[in-house]
Amino acid sequence: MTSPTVRKPYGVKGAPYAFLIPAAILFALFFALPIGYAVWLSFRKVHVSGLGLGAGARTEVWAGLENYKDALTDNEFYDGALRVLGYGCIVVPVMLGLALLFALMLDSERVRLAPFTRLAIFLPYAIPGVVAALLWGFLYLPDVSPFYYVLAKLHLPQPDLLDGGPLYLALSNIAVWGGTGFNMIVIYTSLRSIPAEVHEAAKLDGATPLQTALRIKIPMVAPSLVLTFFFSIIATLQVFNEPTTLKPLTNSVNTTWSPLMKVYVDAFAKGDIYSAAAEATLIALATLMLSFGFLRAANRRNKQEAPA
């Protein structure tokens, strides 16, 4: 005897899509549409007729790849990209290295005051980037910094961190100070998800805490390390707050120190939104290519290391 067929109420099949409609509308209005409009502007330019006066003297026309060609051959944009590359080579490894070290220390059985320590390390991330840059800018200024006062009293050298090569260290320090806590929490959460049986087996085998960390914990939290590295790359390519905030304090930071600052200057200082749109699109493409390449390399490595 066959059981009777139970029919689903009318509209049940479409219920999930109905719940997705508000999120899809918001995504289209505030994410997809602005991106599409920026890409559209990057292929346009203003054509000026005569002296550019009067109605119809300035018209928007199709520019093709002209804005992209100008951006790729712009020395300011190219120099900014090189500066960000040097900045990233300092920030990413130092920040992720400290985050991993702090997470491993907090995951140790002998750690004391773990809740307070976690909060203390994470707290700088809760401070807005502009406020953090202002705070450190105050500490970098020789005339008002308490650190320089102490160095002067001790008759020790007083390096100018806002000039020349040390400027990269000063900017990197702000990013590391603010971002280490977030990455630490991500890695620490992954460490806490490791089964207790794994730690007990390592103890029974006579593994030291260092050996457990290097051979068990770090390999098992590799996906979290990939995720934090992915976020760090994106944040590095979009650096804007730190150099913009420190610019009034030193002549070593110009208005186009980073590519994103160049976009801001072209769009709001020069009024050339078309070139700015092309530069922003190039930054987005570079971020996408680097992120996708890194994730693909990480996935390929995981497949090679996976047991057959």
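Start by selecting Phe30, which sits in helix 1 (residues 15-42); helices here are DSSP runs of H or I with at least four residues, numbered from the N terminus. This is a predicted model, where local features need pLDDT of at least 70, side-chain atom pairs count only at pLDDT 80 or more, and totals for chains, interfaces and linings use all residues. Residues are numbered from 1 along each chain as its sequence is written, and side-chain values use heavy atoms, with hydrogens and water left out.

Is Phe30 buried or exposed? Phe30 has a relative accessible area of 64% and is therefore exposed (exposed is over 50%, buried under 20%, partly exposed in between, with a 1.4 Å probe and protein chains only).

Next, jump to helix 7 (residues 166-192) and look along its 27 residues. From first C-alpha to last, helix 7 reaches 38 Å, close to the 39 Å expected at 1.5 Å a residue; the expected span is 1.5 Å times one less than the number of residues. Now centre on Gly179, where helix 7 has a kink of about 35° (the bend is the angle between axes fitted to the seven residues ending at a residue and the seven starting there).

Then pick Ile216 in helix 9 (residues 209-220). Which residues does Ile216 touch, not counting those up to four places away in sequence? Show Val198, Ala202 and Gln211, with contact meaning heavy atoms within 4.5 Å. Ile216 and Val198 are 18 residues apart along the chain, and their C-alpha atoms are separated by 8.3 Å.

Finish at helix 10 (residues 222-237): its buried residues are Ser224, Thr228, Phe230, Ser232, Ile233 and Thr236.

Notes
Helices (H or I, at least four residues) and strands (E, at least two) are DSSP runs, numbered from the N terminus.
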